[in-house]
Amino acid sequence: MRGRAVRLPPLNALIGGVLIGTLLVVAGVGALWTPYDPLRLSFRSKLAAPSAAFWLGTDEFGRDVLSRLMAGAAASVWIAVLTVTLAVVVGTVVGLFSGYMRGWVDRVVMAFNDALLAFPGILLALGLLAVVGANKYGIILALGLAYTPSVARIVRGTVLSLREREFIAASRVMGNSEAFTMVRHILPNCVAPLTVLATSMFGYVLLAESALSFLGLGVPPPAPTWGNMLAGSRPYIGQAMWLGIFPGLCISLTLLGINLLGDAVRDKLDPRMRGTR
Amino acid sequence: MLRFALTRIVMAVPTLLIVAVSVFVLIRLIPGDPASLMLGDLATPASLADLRTRLGLDQSLPVQFAIWFGNLLRGDFGVSINSQEPILPLIVSRFWISAQIVLVAVLLASLAAVPAGVVAAWKQDASLDIGLVALATLLLSIPTFWLGLLLLLFFGLKLGWLPVVGYVSIGDDPWRGVLYLVMPVTTLFLHEIGVLLRMARASTLEVLRLDYITHARAKGLSETAVLWRHAFRNAFGPTWTLIGLVLGNLLGGIAVVETVFTIPGLGRLLVDSIFARDYPVIQGCLLFVALTYVLVNLVIDLCYPIFDPRVTAQ
Amino acid sequence: MRNRLTIASVLASGALAAWSAAVAAPLRIQVPADIRSLDPGVNRDNNTDGVVLHMVEGLVAYGEDATPKPLLAERVDVSPDGLSYTFRLRRGVKFHNGADLTSADVLWSWNRYMDPRTDWRCLSDFDGRGSVKVTSVTAPDAASVVFSLEKPTALFLTALSRTDCGMTGILHRDSVRADGSFDRPVGTGPFKFGAWKRGEFVRLDRFADYAALPGKRDGYTGAKRPLVDEVRFLVVPDPATARTGVMSGAIDIMPDLDSSAMTELKDDKRADLSVIPNMGLVGLIMQTRDPVLGNVTLRRAVAAAIDKPEIVAAATEGFGKPNGSVVPTLSSYHGKVQDEDIAYDPAAARALVAASGYRGETIVMLATKRYPSSFNTAVVSQQMLRAVGLKVEIEVLEWATQLDRYAKGTYQMQAFPYSGRMDPSLSYETIAGPKDRQPRKLWDDPGVQALVDRSMVVSERAERQAIFDALHRRFLADVPMVMLFNGIASGAAGAEVRGYASSPTALPRLWEVSRAPAPPPADPKGPTCSVSP
């Protein structure tokens, strides 16, 4: 299975591409048009089951679930992308630096990193949301900061194990500067574990936003996000299962898509894969 | 080895100091204070002033910190504003409850997810792989507060097999105690499978590409032997690190599961204290979580060379 | 009737064993959080009051109509000048340790409360810093106690009855340890303290020698017989879990339902709902010092834009009724004038918005998910305000943060849930006052303040009513707040529970509640739902 003769795009890239493509289209369309106004309340049609008029039913305020899902796609994707970017960029810089320098620099950086890691996300979120305001950017900042130390730790771990390898020593022997070695030889080797972590994080962010909503701290309504729709559906789990199923399914499929696509991208980027395929 | 462990323990001291100072400052930056919460919207300026004096909240922040930290150095974590209980015994008893759930769930999840991840990597891009990845993704994307309630409705209400509310400690009544833990452990277990399977798969994929695997194959070893003797052992390293992260995060993040299943654990204590602004308990909990976290990761790092011979503990 | 006869004959014919087994099982009631302490009125919250008030009782207590009535006192005599209150104690009342209640116990309890070291939360309400100053308390004989006040006040008995003050509960001195610290409540209530497993449950046991008043249950007084041997307050923080517990029979009573639970349980055979309005107030409060909302025309526009029946229906699942006045509908002072309100008129609201000079500034409304009815109020009213051209955003805060913003006055608009005030004077006192000294006040107007102060002193009913009428009209003119509805107390009891009813204080009451054996399966027990107007 490692050396097929004829190569179509691999299955994971195909499925992932289709899922993410659909997501982007839905988010794009949802930003411009939805079947109903996603914010319009209608008490006559509260908690209506899926029907011809409301394909995916209505919520406890009589708002159309399909319209809210479409409008929520853009918000959810935006939050997730920004959060993951923030965490990966900051975390990678910290992890590379710390892992490569070793010694007391590493210890100091990791002391701070571990302190941050030991902080429960909810407390961080509470603090930052109080300072920045309970809005999208507060959540992005809080979650981004909460995930940074995990990235730093994984990157540092990779660096530590790579430092013992021959090709790093070779680079040094050849007289390359530390910075060059770091960027040219170590960074590419972090791409694989980082892709895995980043794609998982993408999912965690969608879910963490939901958990924050569950605790009463998420993106404020009426602006729908998948996370706050999922959290809001919980009291109605016995009466209107569809309220949670659909946003949950959207999160699942997005995650699946991004994971598969992430795997495919990693296969392409991983330096050791060049040549084997 | 011993020197490494000692250095790490010494290095943990600044980490804990940073946690102590930053938690103290952060929770006081958050609006709301315990006195006004206790009195609610019925507060009068006089009753508020009385209470703030009694709780020592009328003193300046540095003085409050000095008092708290001084007591801490003498091993006194203080008493809860909320319940007047001494904090250290409170935390230890709650921690034990959370720890048994987390440890069992993560252990079971590792046992299921790591082999599954290795198999998925071995069959990369085949339908078995995609199926396992899809399953992991699905499990990962069901929030625990939703999954927990679903289990509760099905096993507790519909089938009536498991108790719906309450908690019995295993020490008091082992059989009933276990019954109460089945659903919370299952909820966490299903969630963590999703996390760990993907990590195990990724690490195995890494290893499968390395030269020595090719060598092993070239030597004519069977695929199974290659996989388990060489790939699995090496792939376990990064997964092992992740298990450490997961354990640390879970102790802080188990609050949701404990809320759904009415378990008086550490997570709920922390969340309740945050909402009630019970400052000394929040501070105590966080220091304790940080300490646990440092210890867990120390153990993980000490074990790392067992799985990855290239790294030596020093 | 036939069914009841059947049950009776089954019982008589020897199935008593099964019946008594059902009775012996504890009555399990959900509480959303652990209690804070057992010390009445000291370290407490609503939840704690709900548990502690099963063990301790005061001289007077709220009746169903929120007026103070005798409980441990047989009667209360007020001197003509209103400065002296004489409480005659009931005879035959026993403490949980078997001792008889005497005036010495009242004195001891009062002196303990008035000692600043006790940290009684209502100390400042009686030592002259609040509305009342008690100058002396004496016991002329074993069965009477005389309280002397500095000034006459209409609110003395109301203050003594306050549930958050622990009903000024009379305790036996065995309640404290030798060093003076509080141990456990040895009171006169229908249940005595059993056990407290922190984070899990509080167990109370039946007090066999409880001296019950005759008649019917009446708020926190009237008939209060303990009918079960043991009650257990179970800590279940997640309302969805608690609801599942009620349906599965693991919980007998859930005292406070949110709207989603009401929709689900009102059609469920496994639970009976008891829904009554309580004394709480839910409204949109507005910061009159805000650059935008400081404009009274704009505040009037807000009031005219709100379709109250629609909001109330959405926020209370159709169980509540709109009320435009801070005088609760339950109060005996809520009359015709209090029914006057600003009518819902979107066209007029739009005109008022235009007239106010509003230029599309964003107005931020604070809300919390802690109280679902006020949260739903925020979501619905936001849409109504947007419909008349106001740009309103909701900011969802956790409760402690919202309360802090309320106390500091740093907000534009909030959907705010006030807990119940038992007297209209207290309702007005809550919102009216000088913002400079007390930023939490909504309505800063010396004329209003004078009226409120006066209403606290006069005790003549007609005169008080006239003051409240005048206040309501000024309230509608100034609109410091759009009052929407009174909270509802809605509890659910499992089908086996007999006699549970929600109380206007919204705290649970487990006296006069029993557990019947499950009805025979043939008994077609339809959904029941009692709604008192």
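Predicted model: local features only at pLDDT ≥ 70, side-chain atom pairs only at ≥ 80, totals over all residues.
Me: Why is Leu330(C) called buried?
Reply: A residue is buried if 20 or more other C-beta atoms lie within 10 Å of its own, exposed if 12 or fewer, and partly exposed in between, with C-beta atoms placed from the backbone. Leu330(C) has 20 other C-beta atoms within 10 Å, so it is buried. Its place is in the loop between α10 (308-316) and α11 (336-339) of chain C.

Me: What does Leu330(C) touch?
Reply: Two residues are in contact if their C-beta atoms, placed from the backbone, lie within 7 Å. Leaving out residues up to four places away in sequence, Leu330(C) touches Asp65(C), Ala66(C), Pro277(C), Met279(C) and Pro504(C). Leu330(C) and Ala66(C) are 264 residues apart in sequence, and their C-alpha atoms are 7.8 Å apart.

Me: What elements make up chain A?
Reply: Chain A has nine helices and zero strands. Helices (H or I, at least four residues) and strands (E, at least two) are DSSP runs, numbered from the N terminus. Of the 277 residues of chain A, 53% count as buried. Among contacts in chain A with a separation of 6 or more, 67% come from residues 24 or more positions apart.

Me: Why are α5(A) and α7(A) called roughly antiparallel?
Reply: Axes are lines fitted to C-alpha atoms, for helices over the stretch in contact, and angles run from 0 to 180 degrees between N-to-C directions. Angles under 35 degrees count as roughly parallel, over 145 as roughly antiparallel, 65 to 115 as roughly perpendicular and the rest as oblique. Helix α5 (residues 136-163) and helix α7 (residues 178-214) of chain A pack at about 155°, with axes 10 Å apart. The two helices are therefore roughly antiparallel to each other.

Me: Which classes of residue make the contact of α5(A) with α7(A)?
Reply: The residues in this contact include Tyr147(A) of α5(A) and Glu209(A) of α7(A). By class, the contact has 17 nonpolar, two polar and one charged residues. Ala, Val, Leu, Ile, Met, Phe, Trp, Tyr, Cys and Pro count as nonpolar, Asp, Glu, Lys and Arg as charged, and the others, Gly among them, as polar.

Me: How many residues does each chain bring to the contact of chain B with chain A?
Reply: Chain B gives 50 residues and chain A gives 50 residues. On the side of chain B, α1(B) gives the most, with eight residues. That side has 35 nonpolar, nine polar and six charged residues.

Me: What makes up the contact of chain C with chain B?
Reply: The contact takes 39 residues from chain C and 38 residues from chain B. The side of chain C has 14 nonpolar, twelve polar and 13 charged residues.

Me: Where does UniProt place "transmembrane region" in chain B, and how much of one such span is helix?
Reply: The unreviewed UniProt entry lists residues including 9-30 and 281-300 of chain B. UniProt positions are given in the numbering used here, feature names are shortened, and annotations may be inferred rather than shown by experiment. Residues 281-300 of chain B are 100% helix and 0% strand, with end C-alpha atoms 28 Å apart.

Conventions:
Residues numbered from 1 in each chain as written. Chains lettered and ligands numbered in written order.
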